[in-house]
Amino acid sequence: EFEAKIIDLGASNFPLLDLHVHLKQGLTLEDALKNARMYGYSYGIAVNCGLKMGFETDEAVLEFLGNYPRPPQAWLAMQAEGREWLDMFSEEVISKFDYVFTDAMTWTNNNGKRMRLWIPEETEVGDPQDFMEQLVNRIEKILTEPVEIYVNPTYLPTEIEGRYDELWTPERMDRVIKALVDNQVAFEINNRRRIPSPAFIKLAKKAGVKFTFGTNNGSANDLGRMDYAIEMITECGLTPADMWIPEL
């Protein structure tokens, strides 16, 4: 059934792109491309650039790029980590990537605490409603950064992730969607975390937001088939015109 959906989408020229793939934990470029060929996908290979998250200087990025065998069948993306990235890399180096994306998983709260939301011991939630107001405020600012895609979107820390539908109120969704539209940033449908919710996707589609698909794999074992993305195409009525594609 899944393969039939893939074939039908390919026949209708639906762009099946996973633009958020990491070569980590033993996953090689050839292994990633082998998986892409298995399903007929095209990949964007993402490089983590930012404070304590991978490459931290222009020189380190240039050294990597000089040794990276860029295949013609895959894009290369900068994953801009944290809010310091704009001060760490020059425009010249940033422009060497095919596209740039970021998320709202690293930011500093009103108490001055820098948080990486996927690490519980670094995350200070406190009152969930206040946390959400701070999160949406940070997302609105993050989406003014010079990026093409907002990835890992609408992620919530483990402590409150079970309240996703309650905490992502229509008003908060509308604020994020407005920021996406105003700044012409695409909205990733993330396979690994199965976010955003269908309700969020439908509202964003109605507002004219463009979408991408991304796995954000953590290892060689969870690259997967893009099941959630394929489900959302049907459930949310996505068409090729709704998708964002990097320039060739």
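**Exercise 1. Helix packing**

In which hand, left-handed or right-handed, does α1 pass α10?

Solution. The model is predicted: local features need pLDDT of at least 70, side-chain atom pairs count only at pLDDT 80 or more, and totals for chains, interfaces and linings use all residues. Residues are numbered from 1 along each chain as its sequence is written, and side-chain values use heavy atoms, without hydrogens and water.

- Step 1. Locate the helices: α1 spans residues 2-11 and α10 spans residues 227-235. Helices are DSSP runs of H or I with at least four residues, strands are E runs of at least two, and both are numbered from the N terminus.
- Step 2. Take the axes. They come within 11 Å and cross at roughly 60 degrees. Axes are lines fitted to C-alpha atoms, for helices over the stretch in contact; angles run from 0 to 180 degrees between N-to-C directions.
- Step 3. Assign the hand. The crossing is left-handed: the near helix is turned anticlockwise from the far one by less than a right angle, whereas clockwise would be right-handed.
- Step 4. List the contacts (heavy atoms within 4.5 Å). F2, K5, I6 and L9 of α1 meet D227, I230 and I233 of α10.

**Exercise 2. Backbone exceptions**

Locate a cis peptide bond and a positive phi.

Solution. 

- Step 1. Most residues other than glycine have a negative phi, and most peptide bonds are trans.
- Step 2. Check omega. The I195 to P196 bond is cis, with omega near 0 degrees. P196 sits in the loop between β8 (186-190) and α9 (198-206).
- Step 3. Check phi. N152 is not a glycine, yet its phi is positive, about 45 degrees. N152 lies in the loop between β7 (149-150) and α7 (164-167). N152 also lines the largest cavity.

Conventions: 1 Å grid on protein atoms, 1.4 Å probe; cavity = no way out; pocket = protein on both sides within 12 Å on 5 of 7 lines; lining within 4 Å.
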